[in-house]
Amino acid sequence: MQWNIRDDAPVYAQLVEHIKLAIVCGEFKPGDRLPSVRELSAAAGVNPNTMQRAFAELERDGLVLTQRTSGRSVTEDVGRVEQTKRQLAAAAIQTFWVNMRKLGYAQREALQLLQQSGTEMKEET
Amino acid sequence: MAILECRGLTKRYGAQPALDAIDLTVQPGGIVGLLGPNGSGKTTLIKLANGLLVPDSGEILINGKKPGYETKSIVSYLPERPYFSDWMRTEQLLDMFEDFYPDFDRQRAEEMLHHMNIQPKQRIKEMSKGMREKVQLILVMSRRAKLYLLDEPIGGVDPATRDYILQTIISNYDPEAAVIISTHLISDVENVLDDVIFLSYGHILMHKTVDEIRMTEGKSVDAVFREVFRCL
Amino acid sequence: MLIKLMKQDLRATGRVMLPLYLAAIILAALTRLMNVFQSSAMDSRFWNIFSGITAFLVGVAIVALVIMTFVMMVWRFYKNYMTDEGYLMFTLPVRTGELIFSKLIVTLFWYLCTGVVVLVAVLILGSGGNGSIEIMGVGDFFEAFSQSQKTGAALLSILMVLITGVSGVLELYASMAIGQSFKKNKVFMMVVFFFVFSIATSIVSSIFSTQSIVGASNMLSEAYALSADSVYKSAMRVLWTSIIVQGCWSVFYYFITHLMLSKRLNLQ
């Protein structure tokens, strides 16, 4: 996993995003045991307390579970993972609309462009 | 109890105070960046905490006690310059640390030295400046101390070593210990830090958490630092 | 912890002192060998000059050894405590008293060793042949004393030499400890305080020693005959006085050094 920490947002929020993405992409599969906070923070080069905080948020979201004996693991609830995937997709789409509006496109024009780009991508593959 | 506490701490070298009535509290479990340009009082603060200097007024407490015999066994100090006698060999330094510090983990130090390709028989005077700094850091980080005071630990090392040093600090993390890192290379360390303290001409300009700064300013600590110190 | 500190100090100083001792002994042995050659060879002028030179060299070497011992011990205290090495020494979990005693004991140890080496060198030079040197001339002085008086005087003399050494070393430490506490011109202040202390010490010591010698000579003149007993008593009185005076100086200098290193440390 590549940890690219940007300058413009709180580190813990970026860590939450990274781990969510890793779970959604299947890098960490449902039910998998997660590396320890110490290992992950060393790999990411971030403060262990910040990593801890990111995990606390993921636990609140129900994506990550803490067992007393075996540390942390990804939830086995596939529906929960799917829901997170949707949320991330919704956020990506939201960003798309915000950017298009900034560029001055109306909704219909933007949709057209999106469709066009979709067919081009299909032809390439 | 706070691991480090300063109340009205003042130290002068000449007429100009190096530290001017500093109030500061650091709790265990944090990695704190002591940031400021050269001459802002970072080294002075660290030396006062080690008892190498005595305050002109105010006080500094380590775990509730003035720097002295009791505090020295719980503080692990990396000075700005290497302090070893140059005729000594690496293994003699290990012997020495093992002799004097009950919390010294020799095995850990040997592993790290091995990782850094430093031979036990090698003498300090045969080493490059960067290598001496590595040896010193390895010895200091191999103690299980309650307070680590690291004065410019990444100042003169190459990027690979810098990453190794930061990894060492992270993997050495102990919720009951605090680490204070003084540096002016902020972008390299800021992701590792909980809190940052901005020092300027012996005053504390800012004492906040890294995420607090990023959240309110929408910028990295490094960018904020550059702005703050450009205006001065 | 004192033992561990002394181990470090012995290691650091031994690597200089031991080769010096070896060199001095070898030089003395070589000179002795020269003399043997000379006595067996004919009395040529060349040999005379040559052995004269080597004997002179041994003399210089012995003086140099004594000076080097002194310089090494001052340097060790300065380098180990007053320079960057002090960052390590003053952050070790040891007490200030242990830091002072470690240096003091190791210094006295090397003084003693230097004494022994000088004696050995002289014995080698004078051993056998016709040129044996009478080094025990001092023995004549004690001739008149009874056996127990001899032992008493000898022990007291040793004690006096020892305590004079201790106060001398501590005087140097105190000067350095005060000098380092200044913000500027630290080394200069060390030298200044050394001179101040030296003058103070010699003034006070001379007052006491004149008094004790005057007292002793009064005692002698009161005694009708110059008996061995009265000589002994007055000698003991002089010895005791200087032991007490030097002891007081030692305590004084120790406390100054301790105070400056524990409460006024200033390693900038």
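How many helices and how many strands does chain C have? In this predicted model, in which local features need pLDDT of at least 70, side-chain atom pairs count only at pLDDT 80 or more, and totals for chains, interfaces and linings use all residues, chain C has 8 helices and 0 strands. Residues are numbered from 1 along each chain as its sequence is written, while chains are lettered from A and ligands numbered from 1 in the order in which they are written. Helices (H or I, at least four residues) and strands (E, at least two) are DSSP runs, numbered from the N terminus.

From the N terminus on, the elements of chain C read α-α-α-α-α-α-α-α. Two totals describe this chain, where a residue is buried if 20 or more other C-beta atoms, placed from the backbone, lie within 10 Å of its own, and a contact means C-beta atoms, placed from the backbone, within 7 Å.

| Chain C total | Value |
|---|---|
| Buried, of the 268 residues | 25% |
| Contacts joining residues at least 24 apart, among those at least 6 apart in sequence | 77% |

Chain B holds an open sheet of 3 strands in the order E2-E1-E4, with antiparallel pairing (strands pair if DSSP finds at least two bridges between them). Its edge strands, E2 (17-26) and E4 (57-62) of chain B, each pair on one side only, and the twist averages 20° from one strand to the next. Strand E1 (residues 4-12) of chain B is joined to E4(B) in the antiparallel sense over 5 bridges, and Thr10(B) has Ser57(B) in E4(B) as its bridge partner.

Helix H1 (residues 42-50) of chain B lies across E1, E2 and E4 of chain B and runs at about 115° to E1(B), with axes fitted to C-alpha atoms, for helices over the stretch in contact, and angles taken from 0 to 180 degrees between N-to-C directions.

How values were computed
Two residues are in contact if their C-beta atoms, placed from the backbone, lie within 7 Å. A residue is buried if 20 or more other C-beta atoms lie within 10 Å of its own, exposed if 12 or fewer, and partly exposed in between; C-beta atoms are placed from the backbone.
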